[in-house]
Amino acid sequence: MNNRKPVTLHRLREMHAAGEKIAMLTCYDAAFARVLDDAGVDSLLVGDSLGMVLQGRPSTLAVSIDEMVYHTGCVARGNRTAWVIADMPFGSYQESAEVAMRHAALLMQQGAHMVKLEGGGWTAPIVRFLVDRGVPVCAHLGFTPQSVHALGGYRVQGRDEAGARVMRCCAEELAAAGAELLVLEMVPAALARDLTNALSIPVIGIGAGVGCSGQVLVLHDMLGLTGGEPLRFVRNFLDGSASIELAVRKYVTEVKGGRFPDDALHGF
Ligand code: KIV
């Protein structure tokens, strides 16, 4: 068991300001929440990736708010000190800020400390609406899995100057709207580093290079439990570790030491 104080928004901001890396992993149940929290993972993301890794679906699109509510409650009950973020699933926030608030409330009532929603500038008014009503929000830019069809598949985002400019504007707009954290997925390492240096809020990368304030991976990917060809930005931490707990500890140590990801191996 770790003896740290509960991780708060203030602590995450402090870590970003001090250059101390933030280690985040996805988590979907109480048993893993206990293991990850004890191993020193700073933040647990109840990701809608559960649609793919737990339910075997081809994308995250079919995950419902009821499923997210259920898994958020499971994680919150197993967790002691980590910062818990719950994904708002596809269809739960796009319609209006009021609908988003109703669904965010269900997640917060289950023990989420923050909700995450995907998308650029169009989400800024929704972010503002939630933040004004006491719901901390994590934004998500770059490759946004709920838009997989609109984006034409799993592709790196922000490779060209125009794409990078749009991403920069969106990140600034979302931070100005009150987002307290930003996930950047599948973004060139140089762009992610620039954004991290430019923003006052922590930036958590997945396939976005080592220059971010912290890293997140899908738990089942980093334990080598996801079938098929491993994604370029993933490392199997169970490989060579004697237990899941040691694999997670290794991930935390490598993230905090700035040794994961290795941009030459895992970056774009
Ligand atoms: O749902 C999820 O697991 C995510 C991560 C990929 C960041 O959003």
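A crossing of two helices is right-handed if the near helix is turned clockwise from the far one by less than a right angle, and left-handed if anticlockwise. Keep that in mind for the tour.

This is a predicted model, in which local features need pLDDT of at least 70, side-chain atom pairs count only at pLDDT 80 or more, and totals for chains, interfaces and linings use all residues. Residues are numbered from 1 along each chain as its sequence is written, and side-chain values use heavy atoms, leaving out hydrogens and water.

**Stop 1: helices H7 and H8**

Select 161–176 for helix H7 and 189–198 for helix H8. Helices (H or I, at least four residues) and strands (E, at least two) are DSSP runs, numbered from the N terminus. The axes of H7 and H8 come within 11 Å and cross at roughly 25 degrees; axes are lines fitted to C-alpha atoms, for helices over the stretch in contact, and angles run from 0 to 180 degrees between N-to-C directions. Angles under 35 degrees count as roughly parallel, so H7 and H8 are roughly parallel to each other. Their crossing is right-handed. Now show Ala-164, Met-167, Arg-168 and Ala-171 of H7 with Leu-191, Asp-194 and Leu-195 of H8, which make the contact (heavy atoms within 4.5 Å).

**Stop 2: Leu-184 and the core**

Which residues touch the most other members of the largest nonpolar core? Select Leu-130, Leu-184, Leu-217 and Tyr-251, out of 90 residues in that core. A nonpolar core is a set of buried Ala, Val, Leu, Ile, Met, Phe, Trp, Tyr and Cys residues joined through side-chain atoms within 4.5 Å. Buried means under 20% relative accessible area, with a 1.4 Å probe and protein chains only. Zoom in on Leu-184: not counting residues up to four places away in sequence, its partners include Met-167, Leu-195 and Ile-206. In soluble globular proteins, nonpolar side chains tend to be buried together.

**Stop 3: Met-186**

Move along to Met-186, in the loop between strand E6 (181–185) and helix H8. Its phi is near 50 degrees, a positive value in a residue other than glycine. Is Met-186 buried or exposed? Met-186 is buried, with a relative accessible area of 7%.

**Stop 4: Pro-261**

Finish at Phe-260 and Pro-261, which are joined by a cis peptide bond with omega about 0 degrees. Pro-261 sits in the loop between helix H10 (244–256) and helix H11 (263–266).

Methods: Buried < 20%, exposed > 50% of the residue type's maximum accessible area, 1.4 Å probe, protein only. Parallel < 35°, antiparallel > 145°, perpendicular 65-115°, else oblique.
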